[in-house]
Amino acid sequence: MNRLEILRFALRGLLANKMRSSLTTLGILIGVAAVILLVAVGEGSSQSIQQNIQRLGANTLTVSPSFSGGGGGGGGGMRAPGGGGGGAGNTGPRTQARQLSLADAKALTDRTVAPSVKTVSPIVNASSATAAYGAASHAIAQFVGTYPSYFEAVNKPVAKGTYFFNDDVLAARKVVVLGQTVVEELFGTVDPIGKQVSVSGVPFTVVGVLKEAGSTGMQDADDVAIAPLPAVQQSLSGFGSLNQIVVQATGAGATTTAQAEVTAILNQRHGITNDNPDYRILNQATLQETVSEATGTFTVLLGAVAAISLLVGGIGITNIMLVTVTERTREIGIRKAIGAPRSAILGQFLLEATLLSLVGGLSGVLVAFVGTRFTIAGIEPVLVPSSVALALGVSVGIGLFFGSYPANRAAKLRPIQALRHE
């Protein structure tokens with residue numbers, strides 16, 4: 001019996017009970033599609049997070065206040081009550097943690113003590129800033145007061161008009177650069193450059209429009225307005241502490257050195273003598289590496305969970321093939337009685353199991369490919385070619401592995417016993 005005849009017998013056996021074969025194939029289809037889709041969702045989530053981090057620049061440090069820091073040695077008012085001399089052993093919560101100030105930001109620009117620092121951008125955020133133009137109004141998600149260096153540090157290029165300059169900061173001019181979402185809400189199709197918007201009753205002149213950054217899940221990165229720091233402090237936020245300080249290192253390789261220099265300066269200014277400061281520094285390069293590792297683990301975990309359904313599908317193949325062998329015992333006996341070799345019987349049933357898993361695997365790949373064309377939970381899935389090859393290869397391997405026991409059982413049947421089977 002040649003291979004073509006074995007294939008013909010296998011196909012005839014599968015088509016003899018189409019519904020049973022279809023349901024068995026469905027189990028493999030679901031498993032393969034689940035593996036590919038979940039890996040694609042994990043990869044899409046990873047790339048989305050990485051893009052958000054890269055928007056802030058790989059050589060960027062973000063300094064934020066932290067009110068859980070421990071007491072330092074300098075300045076009696078900064079030590080926790082009962083802290084004694086404020087030595088390194090004092091790690092209790094601070095009672096008067098110092099906030100970030102404009103003086104802190106200016107101290108970081110000293111090139112003699114911070115040669116790895118390229119630019120420093122102090123930031124204040126105005127809460128509940130509502131902009132109005134004519135009859136239109138819009139509550140801006142982020143109204144930022146800062147310096148011109150901020151645009152380069154956090155990678156926010158201007159698509160139309162221009163950003164503001166140091167002269168605007170020194171003169172506290174009320175000029176503003178708007179994000180695309182704010183422009184669409186207030187102006188529609190009208191050119192906003194040179195127009196005046198009212199922000200919480202304060203007039204600001206639009207000088208530029210930011211390049212569209214896009215949305216990320218629930219957050220709209222284009223719902224933003226950026227103005228000179230003194231103008232925002234005078235009109236909206238008041239002359240209090242800073243919300244953040246964005247520090248740009250001289251290069252991606254100098255980020256760690258710049259972080260050490262910033263830490264030394266702020267520790268000296270805030271009187272920190274232990275490892276529990278009243279501020280925290282977010283290193284974008286380190287964060288990117290950490291997130292990459294975490295999302296990689298998350299993607300593998302998703303694929304492993306989905307692979308369980310493939311295992312279930314394989315068990316289904318074993319079950320169906322055992323039933324098939326039982327039903328066709330008499331047929332096997334007749335074929336062996338007229339000279340069919342053991343290898344032909346073994347090959348036929350192995351081929352049937354492999355065909356079931358192969359058809360299911362190919363169908364699963366098609367379903368997964370269609371699924372990646374849609375957004376899932378706010379994430380655009382990214383098809384990973386290696387996951388397609390792996391899932392399809394595993395599905396075929398499952399057919400061979402789980403089909404081998406029923407095939408061996410069929411091949412070992414004695415003709416006389418098989419012919420007696422009712």
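Student: At 48% relative accessibility, what does Glu152 count as?
Tutor: This is a predicted model, in which local features need pLDDT of at least 70 and side-chain atom pairs count only at pLDDT 80 or more, while totals for chains, interfaces and linings use all residues. Residues are numbered from 1 along each chain as its sequence is written, and side-chain values use heavy atoms, with hydrogens and water left out. Buried means under 20% relative accessible area, exposed means over 50%, and partly exposed is in between (1.4 Å probe, protein chains only). Glu152 has 48%, so this residue counts as partly exposed.

Student: Which residue forms a salt bridge with Glu152?
Tutor: A salt bridge is a side-chain nitrogen of Lys or Arg within 4 Å of a carboxyl oxygen of Asp or Glu. For Glu152, the closest N and O atoms of the pair are 3.0 Å apart, and the partner is Lys118.

Student: How many residues apart are Glu152 and Lys118?
Tutor: Helices (H or I, at least four residues) and strands (E, at least two) are DSSP runs, numbered from the N terminus. In the salt bridge of Glu152 with Lys118, Glu152 is in helix α4 (residues 149-153) and Lys118 is in strand β2 (residues 117-126). The pair links distant parts of the chain, with a separation of 34 residues.

Student: Asp104 also takes part in a salt bridge; which residue does its side chain meet?
Tutor: The N to O distance in this bridge is 2.5 Å, and the partner is Arg269. That pair joins helix α3 (residues 102-107) to helix α8 (residues 255-270), 165 residues apart. Asp104 has 0% relative accessibility and therefore counts as buried.

Student: How many salt bridges does the structure hold?
Tutor: Besides the bridges of Glu152 and Asp104, the side chains of Arg173 and Asp168 meet at 2.9 Å, N to O. Arg173 is partly exposed at 40%, whereas Asp168 is buried at 12%. The number of salt bridges in the structure is three.

Student: Which helix packs with α10 at an angle of about 145°?
Tutor: Two packed helices are described by the angle between their axes and the distance between the axes. Axes are lines fitted to C-alpha atoms, for helices over the stretch in contact, and angles run from 0 to 180 degrees between N-to-C directions. Helix α10 (residues 329-337) has its axis 10 Å from that of its partner, which is α11.

Student: What is the accessible area of the nonpolar patch that includes Leu366?
Tutor: Patches are made of residues with over 30% relative accessible area and no salt bridge; like charges are joined within 9 Å and nonpolar side chains (Val, Leu, Ile, Met, Phe, Trp, Tyr) within 5 Å. Areas come from the Shrake-Rupley method with a 1.4 Å probe, and for residues only the protein chains shown count as cover. Leu366 is exposed at 55%, and Phe369 is partly exposed at 42%. Together with Val370, Phe374 and Leu383, these residues have an area of about 480 Å².

Student: In which helix does Leu366 lie?
Tutor: The protein comes to 13 helices and 14 strands. Phe369 has its place in helix α11. Leu366 lies in the helix of residues 342-371, which is α11.

Student: How far apart in space are Phe369 and Val388?
Tutor: In sequence, Phe369 and Val388 are 19 residues apart. From C-alpha to C-alpha, their distance in space is 9.4 Å.
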